[in-house]
Amino acid sequence: MSQDTIIKIDNVTISFWQNNVGVYSLKDLITQRKSPFKTKTILHDINLEVKRGDSIGILGRNGSGKSTLLRTIAGIIKPHHGSVTVNGSFAPILAIGAGLELELTGYENITLLLALYGTARRNTNAVDNIREFSELSDEVLRMPVKQYSSGMVARLAFSISLANDSDILIIDEVLAVGDQGFQAKCADKINQLKAAGTTILFVSHFPEGVLKICKTAILLEDGHITHRGTAEDICKDYQRLF
Amino acid sequence: MQNITRIYALSKRNVILRYKNSLVGFFWGFFKPLLYLLIFIVIFKQNSGIPHYILFVTSGLILWFFFSNVTGQSVGSVVGSSGLLKALNIPAYFFPLSETLSELFNLVLTIIVFLIIMNWGGLVYSPRLLLILPCIILFAVFALGLNLLLCSVNVFFRDIGIIWGTIQPALFFLTPIGYPESNIAPQYRIFMKCNPIYYFIKLGRGIFYDAAPPSMHLWVECIVIAVGMYIIGQFVFNRLKNQFISAI
């Protein structure tokens, strides 16, 4: 692994047990008498190398394995075959609000996620930074997250992922929900981080977004990387899928 | 060190979430054993023939409610934390572990409050009461093992949670909590002996109620049961944990 390679994925295959048609209870298991699970392969033999400071777009249809790939890189899913080597730290992947606890207030969520991520002790200003960036008022942050609009949730989620000063930023469709002002602000922030040397993995269904942020991109189809190249080419390939 | 901070943060979340929207908040946890104590006094006290009946029941009830709460909370802990598990690289066993720890914290508070009630019921304060600490730690290890088993199987078969809710009350009555062991006819005692909770209740009762402290034999039995349950739970959990993400 050379000095400036930050992520290296070798021949990674990911398979999951998948529930056979509707066997979700013990009753079904006994009455239908079939094996409840079959193995389904989500990612086939993925090879990918990311250099420090790169920004890569990941495109693909729904269900092509984009989120699984991101989670594998982040270490959330362990591969059965192949290896994933990562030379840096991650921000939590907060795909539109997942990971936030709906019953807890904004502040409680911030404290919980910062503690789980381990930022709390390193950066005492983290809470202030998050409040400032999300532009959510003190009053809003004292409310349970379940009362937030989806845009507010996206603001909070994205601000928390940014608060972590990590080497690798994974963005999974977070920008789709915020209003125009916040989207522009996020794009600015991403460019600023890019300039500072943060590696960015960007998943989106909007080729325009990918073009704005990424130089290179990959296209996933049914768990295979079918195309890789410059962002322009891949976006064209992606649009040809439909 | 970082893991300790993370487990602490999760346990704190559990405590906050549990009593979030309730009026009396934390104290709700004390009412449940208190209510059952009253029921037992009304129904069974007359005929039980047990001296210091209140102390006898209370010593069993507080341990039972720890067990019932902790398993009830933990069974869905992995499924309920899908958001966090999918967002952060965080070991899944933190969730049943933090549930067990926050419930253990609850138990310590409950014991402190009930020491007053038990004193009124005939408890004599003595250094022997400190033996309750190793007792509840053993019970918590047993509960953690069972929690690991329940919460990991529940990911794939969601009716585990429902089945457990049905089994629990049956276990409660099978365990001699409100009645003495001698009430069970000799030919059925085998069922009582097969119930692992019986040994922990007996241990707690040995510390709070009986004239003599619990025997070495009983301590060893509890250690074997606790460690055995933990090993089984950990084994099943480890076999299943890599498949959690796809199923939650």
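Guide: A helix here is a DSSP run of H or I with at least four residues, numbered from the N terminus. By that criterion residues 231-240 of chain A form helix 9, and I234(A) lies within helix 9 of chain A. Please note that the model is predicted.

Visitor: What makes I234(A) buried or exposed?

Guide: The threshold for a buried residue is 20 or more other C-beta atoms within 10 Å of its own. I234(A) has 25 such atoms within 10 Å, and therefore counts as buried.

Visitor: Which residues does I234(A) touch, leaving aside those up to four places away in sequence?

Guide: They are G57(A), L59(A), A217(A), I218(A), L219(A), H227(A) and G229(A). I234(A) is also 9.3 Å from I58(A), C-alpha to C-alpha, although the two are 176 residues apart in sequence. For chain A, 71% of contacts between residues at least 6 apart in sequence join residues at least 24 apart.

Visitor: How much of chain A counts as buried?

Guide: The share is 41% of its 242 residues. Chain A contains nine helices and eight strands.

Visitor: In what order do the five strands of the open sheet in chain A stand?

Guide: The order is 5-6-3-7-8, with mixed pairing. Strand 5 (168-172) and strand 8 (224-230) of chain A each have a single partner strand, so they stand at the edges, and one side of each lacks a neighbour in the sheet. From one strand to the next, the twist averages 20°.

Visitor: How do you know that strand 3 and strand 6 of chain A pair?

Guide: Pairing requires at least two DSSP bridges between the strands. Strand 3 (residues 55-60) and strand 6 (residues 199-203) of chain A have four bridges, in the parallel sense. At one of them, I56(A) has L201(A) as its partner in strand 6 of chain A.

Visitor: Why are helix 7 and helix 11 of chain B called roughly parallel?

Guide: Two packed helices are described by the angle between their axes and the distance between the axes. For helix 7 (residues 132-156) and helix 11 (residues 216-240) of chain B, the angle is about 25° and the axes are 7 Å apart. Angles under 35 degrees count as roughly parallel, and helix 7 and helix 11 of chain B are therefore given that name. Their crossing is left-handed. By class, the contact has 19 nonpolar, five polar and no charged residues.

Visitor: What makes up the contact between chain B and chain A?

Guide: It takes 22 residues from chain B and 26 residues from chain A. On the chain B side, helix 1 (2-18), helix 5 (82-87) and helix 12 (244-247) are the elements giving two or more residues. Helix 1 of chain B supplies the largest share, seven residues. By class, the chain B side has nine nonpolar, seven polar and six charged residues.

Conventions: Residues numbered from 1 in each chain as written. Chains lettered and ligands numbered in written order. Predicted model: local features only at pLDDT ≥ 70, side-chain atom pairs only at ≥ 80, totals over all residues. Axes fitted to C-alpha atoms, helices over the stretch in contact; angles between N-to-C directions. Parallel < 35°, antiparallel > 145°, perpendicular 65-115°, else oblique. Left-handed = near helix turned anticlockwise from the far one by under 90°. Nonpolar A, V, L, I, M, F, W, Y, C, P; charged D, E, K, R; others polar. Contact = placed C-beta atoms within 7 Å. Buried ≥ 20, exposed ≤ 12 C-beta atoms within 10 Å, placed from the backbone.
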